[in-house]
Amino acid sequence: MYKKDSLYSINKKNPDAIVYKFATGEQHEVTRADFPSEEEFLAFKAWSDEDLHTEDKRDVLAGIRQVSIDDLSEAAIAVPAIDVVMDRQQQRADQHRKASDMVVKLKDKLTETQFRRLWMYYVDEMSEEEIASVEGSSQQAISLSLLAAEKKIKKFF
């Protein structure tokens, strides 16, 4: 899509002239009569149309990528206060510490094999068949081991 008032549009609509603007914004035209031959005019016109079209596309794309700050919500441009950031970091640290404590408690209640298999099943999201393949065991043995580990966990909690 192009702007109807763009230099490219104006130039394209006028087949007998090449429209251009000075740096001051003042618009001017060069006509066929200003060129020594028809071939030179047509060559320059083709080059001008292509150049202005490229420039117009670039301007349109730049406009599409720009967002006015007036169009953004307050929440989108708000920066949280330092105390809010610090609280969030503290909450994440607390959650991490609680999870670590829970893992240590679980590890104390389970055998090393049960804990490893439970970890592969829930954390690494491996199937019983995949765990069996890795450990060189049967799927049934893995299933029984996971059930026993879950039973211990339920008993503990």
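**Exercise 1. Name the residues that are linked with Lys12 in a network of salt bridges.**

Solution. In this predicted model, the network of salt bridges links Lys12 with Lys45 and Asp49. One of its pairs can be followed in detail.

Step 1. The side chains of lysine 45 and aspartate 49 form a salt bridge, with 3.8 Å from N to O. The cut-off for such a pair is 4 Å.

Step 2. Both residues belong to helix H2 (residues 38-65); because they are four residues apart there, about one helical turn separates them.

Step 3. Lysine 45 and aspartate 49 are both buried.

**Exercise 2. Determine whether aspartate 94 and arginine 97 are buried, partly exposed or exposed, and describe how their side chains meet.**

Solution. Step 1. Partly exposed covers the range between under 20% (buried) and over 50% (exposed).

Step 2. Aspartate 94 has a relative accessible area of 26%, so it is partly exposed. Arginine 97 has 44% relative accessibility and therefore also counts as partly exposed.

Step 3. Their side chains meet in a salt bridge of 3.6 Å, N to O. Both residues lie in helix H4, three residues apart, which is about one turn of the helix.

**Exercise 3. Explain which parts of the chain are tied together by the pair arginine 116 and glutamate 135.**

Solution. Step 1. The side chains of arginine 116 and glutamate 135 meet in a salt bridge, 2.8 Å from N to O.

Step 2. Arginine 116 is in helix H5 and glutamate 135 is in helix H6, so this pair ties together parts that are 19 residues apart in sequence.

Step 3. Arginine 116, at 34% relative accessibility, counts as partly exposed. Glutamate 135 counts as partly exposed too, at 22%.

Step 4. For the model as a whole, the count comes to eight salt bridges.

**Exercise 4. Check the length of helix H7 (residues 139-156), then find which of its residues are buried and which are exposed.**

Solution. Step 1. Helix H7 has 18 residues; at 1.5 Å a residue it should span 26 Å. The expected span uses one less than the number of residues. The C-alpha atoms at its ends are 26 Å apart, so the two values agree.

Step 2. The buried residues of H7 are Ile142, Ser143, Ser145, Leu146, Ala149 and Ile153. They cover an arc of only 165° around the axis, so they are on the same side of H7.

Step 3. On the other side of H7, the exposed residues are Gln140, Leu144, Leu147, Lys151, Lys154 and Lys155.

Step 4. The buried residues of H7 pack against helix H4 (82-109), helix H5 (112-122) and helix H6 (128-135).

Notes:
Residues are numbered from 1 along each chain as its sequence is written. This is a predicted model: local features need pLDDT of at least 70, side-chain atom pairs count only at pLDDT 80 or more; totals for chains, interfaces and linings use all residues. Side-chain values use heavy atoms; hydrogens and water are left out. Helices (H or I, at least four residues) and strands (E, at least two) are DSSP runs, numbered from the N terminus. Buried means under 20% relative accessible area, exposed over 50%, partly exposed in between (1.4 Å probe, protein chains only). The arc is that of the directions from the helix axis to the C-beta atoms. Contact means heavy atoms within 4.5 Å.
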